[in-house]
Amino acid sequence: MAIAAPPMNGAPPGRPGSHSAVPRELGPLARKIAEEPIADAISPVVLTGVARIVEFLLVVLTGAAVHAVWLYPSEGFEPIYLIIELAVATAAILAFQMVDIYNVQAFRSHVYQLGRLWVAWTAVFLIALALSFFAKHEYFFSRAWTAGWYVTGMVVLFAFRIGLGWLVRHWADQGRLIRRVVIVGGGREGEALVRAIGAEAHSDLRICGVFDDRGDDRSPSVVAGVPKLGTVDDLVEFTRRTRVDLILVSLPLTAEDRVLQMARKLWVLPVDVRLAAHMNRLRFRPRAYSYIGNIPVLDIFDKPIADWNLVIKSVFDRVAAFLILVAISPVMLATALAIKLDSKGPVFFKQRRLGFNNEVIEVYKFRSLRHEHSDPDAKRVVTKGDDRVTRVGRFIRKTSIDELPQLINVLRGDLSLVGPRPHAIHAPLANKLWDDVVDGYFARHRVKPGITGWAQINGWRGELDTPEKLQQRVEHDLYYIENWSLLFDLYILLRTPFALLETENAY
């Protein structure tokens, strides 16, 4: 079970739970590694799930195809054959799971997976034939269809697995099926952890480097052949510049203060964080651990919205955004015309904001300020009665119509429909940047930002002119991240039109 996020107001001196939007300067080696081109990761969970779905469909379709060729011309359509095809396909997937060929390592090996695939596929048909015999239905089904389906299905499944194996090896060469790991703690525990990972025969872990706040003999510059790249604060910046899939903390459980200090620094990152327990003399029951290879670990933080949840949310965002854009296109056209007639300047306006993992994105908006007062970095917050706002701009800001072009950002993948609102890079509050006002502010960037969110439908939209308002918005954002579900997104979307009726803080 993952440890709960540290309270935002409980960070020790120096605000380790918050990190400035200004990039931290990394050392030469860390900067070089961070700047290496890295392809996006592919989730093994999603990959194996897709393989199951494809093979289920292939089994059903091959059975149907053989039926169409051998039986349909003479016997027509028989529903019982479809039921059998679905049952055999289900049994085949279960059999393939039992012989352990639904994992990335199996996909890479033709000999391993094809041999086991043949054994499982044959066993399914033998069991099906035995059941039909004991049920006295062996003469009811066509032997030609049965034999044809068995042979054709095996050929099709072999062809799919060979193609999948080639694709998996190609992705592995690109680094998309490798988990990029960094280790926190470079002492004796860190060295033992590096060696334990290296001893795994088929490990998918690739260690990028070691990070440690200590600079004395307890933390050498090279740990078991892996270079030390900097401090934990450097790690936060490193993770924002390159892909990091897993952080392994190699501190002993007895170092409680140091573990908590690390946790408060790392919980703002969209990365799985685990505490390695390979050297702890205090042993828990095996079920208390999760395992990375043979290494026992305790879960500290999980990456929010990962694997299938990420796929589901991304598909939902794009499909729903497209449908909404089509539905509101008359409103968009009318708004564009009104802006053009009301004041000089372009219809659309791009503003630089902080997106997922502090990545700078440009979001689209309908222009609501006079063109000569454009402020792409939002250094000056719009306030009540602001003379920079046009007549049309005042209306579209109150009704949030100015935000509708951000549906284009959703289609591009920069935003989600629902998520923490993306704040402008240099937006100030009492002459301070927002991350200087609220500890742990950047933890809201662990997921992709959204057009609407939990904070907005609970009244925390519009101007943020006090630390208390910003605190409330961040707390609502963090609640959303920790409790996300597709139903939660749907609920927020359905509530949003009613929340827009409250215009007290929208200027």
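Trainee: Which residue meets lysine 313 in a salt bridge?
Mentor: This is a predicted model. Side chains of opposite charge can pair when their charged atoms come close. For lysine 313, the N to O distance is 2.7 Å, inside the 4 Å cut-off. The partner is aspartate 489.

Trainee: How many residues apart in sequence are the parts that lysine 313 and aspartate 489 tie together?
Mentor: Lysine 313 lies in helix H11, residues 307-327. Aspartate 489 lies in helix H18, residues 486-499. So the pair ties together parts separated in sequence by 176 residues.

Trainee: Is aspartate 489 buried or exposed?
Mentor: Buried means under 20% relative accessible area. Aspartate 489 has 0% relative accessibility, so aspartate 489 counts as buried.

Trainee: Aspartate 342 forms a salt bridge with arginine 391. Which helix holds arginine 391?
Mentor: The closest N and O atoms of this pair are 2.9 Å apart. The pair links distant parts of the chain, 49 residues apart. Aspartate 342 is in helix H12, and arginine 391 is in helix H13.

Trainee: Is arginine 391 buried or exposed?
Mentor: Exposed means over 50% relative accessible area. Arginine 391 has 65%, so arginine 391 is exposed.

Trainee: Where is lysine 365, the salt-bridge partner of aspartate 402?
Mentor: The two side chains meet at 3.4 Å, N to O. Aspartate 402 is in the loop between H13 and helix H14.

Trainee: Which residues do salt bridges that share partners join into one network?
Mentor: Aspartate 402 is buried at 2% relative accessible area. Lysine 365 is buried at 7%. Shared partners put both in one network: Lys365, Asp402, Glu403 and Arg421.

Notes: Residues are numbered from 1 along each chain as its sequence is written. This is a predicted model: local features need pLDDT of at least 70, side-chain atom pairs count only at pLDDT 80 or more; totals for chains, interfaces and linings use all residues. Side-chain values use heavy atoms; hydrogens and water are left out. Helices (H or I, at least four residues) and strands (E, at least two) are DSSP runs, numbered from the N terminus. Buried means under 20% relative accessible area, exposed over 50%, partly exposed in between (1.4 Å probe, protein chains only).
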